[in-house]
Amino acid sequence: MAKRKRTYDEINERIRKGEAVVVTADEVTAIAKESGVEQVLEKVDVVTTATFGAMCSSGAFLNFGHSEPPIKMTKVWLNDVPAYTGLAAVDAYIGATELSEREGMNYGGAHVIEDLISGKRIRLRATAYGTDCYPRREIETYIDKDSINEAFLFNPRNAYQNYAAATNSTDRILHTYMGTLLPRFGNVTYSTSGQLSPLLNDPEYLTVGIGTRIFLGGAQGYVAWNGTQHNPSRQRGPNGVPIGAAGTIAVIGDLKQMSPRYLRAARFYGYGVTLYVGIGVPIPVLDEDIARFVSVSDADITTGICDYGIPSRQRPVVATVSYAQLRSGWVEIDGKKVRTAPLSSLAMAREIAEVLKSQIETGKFLLTEPVARLPLTATVRQLAAGGEE
Amino acid sequence: MMTQRKRIILTFPSLVIEKPITYHLVKDFDFKVNILRAKIVSGEEGRLLFEVEADEDDFERGLDFLRSEGVEVTPLSKEIRLNEKACTHCGACTAVCGSGALSLDKDTWYLSFDVDKCVACELCVDACPLGLLSVHF
């Protein structure tokens, strides 16, 4: 472990006094290039990272409050989108990718979440079998974010640490969660904010852990746990950065304080509904290792390009490229120039990094030391079809 | 002499498909032709979308020639519109835009839409995750 240059307490003290030096992950890369990592360690207290991309593993817990007479909901729909209510009487979880029973892919859980935080009224319908303590068997009413009790976003897997890019070797257009993939390697899509992305700036989870306060959908949220499919064992480059999808975080925050600017419902044609989530993570420059990690540039972050034309969980990697190449607008596959396009918004990620920076500079956002680190040794298991008892 | 630049759709009846129509437009009427989309199957009706640049007189004479050959001429009236205010600049639409009308600025990474380059192929309409691109006639 590298020698401590500054502590969380010291950084927070400087934030409270309005003296903290805060730069974005883009800016710190430029500083390191110009003056070296030593200067980053010497001068910078906090680096803000961010991402704004489609994150399917998202959703919100809601508590509707009790009706008179009360109901123990067994099935519940919000604007005709089913929510999960196998919990206490009026608790439910609305998942981002759940589709409307009336409108199919045109409306889903993500739209319910966006409508809710936008202040819109949502139609609630629920049925029940009725009990002595909860006699009511059905209810139909309207709710909004001010009429219900808690509403908190709890996303089991967000902010993937790197992700494979996508292409298509087949003769037909593929409609995927990686966007529209044109036939015969007609394009390549990718979906991370590269050198600005949270876990790509903290590849060994030295500062991002359970309890880390973050910018989530416009409000202050927290890292609740490692995300599902957290895979720190992914092959890494010499700089420690994983080559392809690796670590993930589960995040939590008060939905009522979030903004539809940073939480947007989306639909990938032929795939379904998902939620664009804006996440910003501050990284304290505690020591030289962290100073080096946050200085990473797009040229030093690589990922594989997977062929989505092969309908398998083991999609073949047709090329390995850096984010600098992906950002250039084209990459080479088998000697052929192929157009590239992002799916996550770098413009929005930069905005979030700037917003978080100014919140820290003005003392509105203090850093937290994680209460536990994210696992460093987990691997991802696969599901066998037709398994036996 | 005024130069005209227009996008037009030619619809060829099946019998005309075998004739070198575009050759005549270039050779006899000095059309600068950029073919944007084409679907021509022998024995069936063919459709060709092109952008043409020609002097005003040549342009009119060329169109007369086309009509005399039985080719139907319609100006491209379809237009793709972007709801810019709601755009998050994710870039998903640029993945399918072969004409380069939709592109991300390499400094700001904001999306820009150059209507003049659009060939109204409509691929972007489904590609936009927020449904912000639509076809208008």
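Where in chain A does A:Asp80 lie?

Reply: A:Asp80 lies in the loop between strand S4 and strand S5 (81–83) of chain A. Helices (H or I, at least four residues) and strands (E, at least two) are DSSP runs, numbered from the N terminus. The model is predicted: local features need pLDDT of at least 70, side-chain atom pairs count only at pLDDT 80 or more, and totals for chains, interfaces and linings use all residues. Residues are numbered from 1 along each chain as its sequence is written, chains are lettered from A and ligands numbered from 1 in the order in which they are written, and side-chain values use heavy atoms, with hydrogens and water left out.

The backbone at A:Asp80 deserves a look. Its phi is near 70 degrees, a positive value in a residue other than glycine. Most residues other than glycine have a negative phi, and most peptide bonds are trans. A cis bond joins A:Glu68 to A:Pro69, with omega about -10 degrees. A:Pro69 sits in the loop between S3 (59–63) and S4 (75–78) of chain A.

Further along chain A, A:Arg121 and A:Asp144 form a salt bridge, 2.9 Å from N to O. The term needs a side-chain nitrogen of Lys or Arg within 4 Å of a carboxyl oxygen of Asp or Glu. This pair links distant parts of the chain, 23 residues apart. A:Arg121 is in the loop between H4 (109–117) and S9 (122–127). A:Asp144 is in the loop between S10 (138–143) and S11 (151–158). Over all chains, the structure holds 21 salt bridges.

Across the interface of chains A and B, the rule finds zero of them. There, 27 residues of chain A are in contact (heavy atoms within 4.5 Å) with 24 of chain B. The buried area is about 1,900 Å², and carbon and sulfur atoms give 57% of that. It is the accessible area (1.4 Å probe) that two parts lose on being put together, summed over both.

Now chain B. Three helices and eight strands make up its elements. Their order along the sequence is β-α-β-β-α-β-β-β-β-α-β. Its C-alpha atoms fill a box of roughly 50 × 40 × 25 Å, taken along the principal axes. In H1(B), B:Ile21, B:His24, B:Leu25, B:Asp28 and B:Phe29 meet residues of H2(B). Their partners are B:Asp58, B:Arg61, B:Gly62, B:Phe65 and B:Leu66.
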